[in-house]
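I opened the model to look up a few salt bridges, one interface and some strand pairings. My notes follow in the order I made them.

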Amino acid sequence: MEQKHTDIFLTALESVLSQFGFGGVTLNKESTKDQLFIDRDFTVVIGITGDVKGNIAYSFSSDTARKLVSAMMMGAPVETMDDMAMSAAGELFNMVTANALTLFEKQGKAAAVSLPFVLSGGDIYAIISTVETTALEVDAGGNELELNIAIEE
Amino acid sequence: MEEKLHRTFVDSVVSILKKTAGLTVDKIGAPKEAGGQQTSQGIASVVSFSGNKIKGRCIIDMEQEVALDVVENIMGTRYDNLKELMVLYTISELNNIIAGDSITKLNNEFGTGLRLAPPVVFTGRKVVMYSSQVKEATVDIDTPKGSLRLIIAWEGSL
Amino acid sequence: MKKVLIVDDSPMIHKLLGKVLEENGYTVCGHAYNGKEGVDKFRELSPDIIFMDITMPVMDGLEAVGIIKKEAPHQNIIMLSAMGDKDIMDDARQLGVDIFLKKPFDAYKIISAISKLS
């Protein structure tokens, strides 16, 4: 049986984060949305084109961002989310998305990942698809993340 | 070649704003290789693309008054809030049409085989957009209703 | 009065195209927001003309046209898409699309396209 979209992204997230020393990924809540209201500090948006197409928005707090980026930089402390740190966060979720696409490829669906795009700010209203978006609230080694998955096949 | 890329998008923005919303352009700024951080002027939409030679994205960022005026001209209804669903949908479809127009021209001329991801649109309080490690050109466009900004980011070359 | 089915994932296009069609004496008999819904509505409503977008979720417009043309080779279909490069237009033509229009559109473009249909 084919793996569900949400499972594919959770598998990919766990696989990439484990390379940086983060423990298992636990799904806390799954819901569906038409419109996103983003109240976390940072969001990385990545577009996908091909047999699988859509957008994925990964949202997280500033605290989580610093921990993730620090882990990517071999434990170097990250005080502020400067351009370098933003770029690292974008790259991290680019890796997660690319990893997910290799899992789709095993189902015979070829797709390409576009450039990651990072945004921050308050009270953000966003639409990332005309299809329903699945929102996954996850815990990754004590860090909270939200994955908003809008995949159109 | 890079100039050709952003020129194509600028031409699409100007022609499609005119055709769809009757919005004329007073001044088109010179492309700036900005990169780094930029604060959204009000509402922004992003269309990502990828193909066999390049991948990237097209962001159109508008001041509130420009966006509300564009939506009113297209839809025939005046909205006063950028968070209205029809405002978000219209701005997002507008960018989809603009990016589709540019990508069509690039595919026909350069065989880039580009395909678009669905558009993303967002609005909020002091939204900062970050871009790094990619080539980027920002073009400021002034209209009688206010300003908008086109940001093209890409990797690879035509 | 001719019946038209609109298949597009953008609410903006439904509203604008619907207005143009109704102001010019056509009846919009159905709205579908992806290719699969488009095929279902085609079977249910037997429209005279279908306006079909390409890039849509669930099933894209080209796949939907393939299914429809197989069941009803003479169905009038006008493709209306933001993308219109040579490869896509060739694919559409091979599937039997009657007319290919690129977005954006105005009333003249829509009505003159319909007038070219048999």
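I started with Asp85(C): is Asp85(C) buried or exposed? I found Asp85(C) buried, at 2% relative accessibility. For that label I take buried as under 20% relative accessible area, exposed as over 50%, and partly exposed as in between, with a 1.4 Å probe and protein chains only. The model is predicted, so I require pLDDT of at least 70 for local features and 80 or more for side-chain atom pairs, while totals for chains, interfaces and linings use all residues. Residues are numbered from 1 along each chain as its sequence is written, chains are lettered from A and ligands numbered from 1 in the order written, and side-chain values use heavy atoms, with hydrogens and water left out.

**Entry: the partner of Asp85(C).** The side chain of Asp85(C) meets that of Arg115(B) in a salt bridge, 3.1 Å from N to O. I count a salt bridge when a side-chain nitrogen of Lys or Arg is within 4 Å of a carboxyl oxygen of Asp or Glu. This pair crosses between chains: Arg115(B) sits in strand β5 of chain B, and Asp85(C) in the loop between β4 (76–81) and α4 (86–95) of chain C. Helices (H or I, at least four residues) and strands (E, at least two) are DSSP runs, numbered from the N terminus. Arg115(B) is partly exposed, with a relative accessible area of 30%.

**Entry: other salt bridges.** How many salt bridges does the structure hold over all chains? I get 27. One of the pairs I looked up is Glu65(B) with Arg78(B), whose closest N and O atoms are 3.3 Å apart. That pair links distant parts of the chain, 13 residues apart: Glu65(B) in helix α2 (residues 64–75) of chain B, Arg78(B) in the loop between α2 and α3. Glu65(B) counts as partly exposed at 35% relative accessibility. Arg78(B) is partly exposed too, at 40%.

In chain C I looked up Asp53(C) and Lys103(C), with closest N and O atoms 3.5 Å apart in their salt bridge. The two are 50 residues apart: Asp53(C) lies in the loop between β3 (49–52) and α3 (61–71), Lys103(C) in the loop between β5 (99–102) and α5 (107–115). Both are buried. In chain A, salt bridges with shared partners join Lys33(A), Arg40(A), Glu144(A) and Glu146(A) into one network.

**Entry: chain B against chain A.** I count 36 residues of chain B in contact with 31 of chain A, where contact means heavy atoms within 4.5 Å. The size of an interface is often given as the accessible area lost when the parts come together. Here the two chains bury about 2600 Å², 58% of it on carbon and sulfur atoms; the area is what both parts lose on being put together, summed over both, with a 1.4 Å probe. The rule finds one salt bridge across this interface. Arg125(B) and Asp123(A) form a salt bridge, with the closest N and O atoms 3.4 Å apart.

Which strand of chain B gives the most to the side touching chain A? β6(B) does, with 11 residues. β6(B) also pairs with strand β6 (residues 117–127) of chain A, antiparallel over seven bridges. I call two strands paired if DSSP finds at least two bridges between them. In that pairing, Phe122(B) is the bridge partner of Ala126(A).

Ser48(B) lies in strand β3 of chain B. I find Ser48(B) buried, at 6% relative accessibility. Leaving out residues up to four places away in sequence, Ser48(B) touches residues including Gly47(A), Ser114(A) and Arg115(B).

**Entry: strand β8 of chain A.** β8(A) (residues 143–152) is mostly covered, with nine of its 10 residues buried. Strand β4 (residues 53–60) of chain A joins β8(A) antiparallel through eight bridges. Ile56(A) stands opposite Ile149(A) there. Strand β7 (residues 133–140) also pairs with β8(A), antiparallel over seven bridges. In this pairing Asp139(A) has Glu144(A) as its bridge partner. The two strands form a hairpin with two residues between them, and Gly141(A) in the turn has a positive phi of about 55°.
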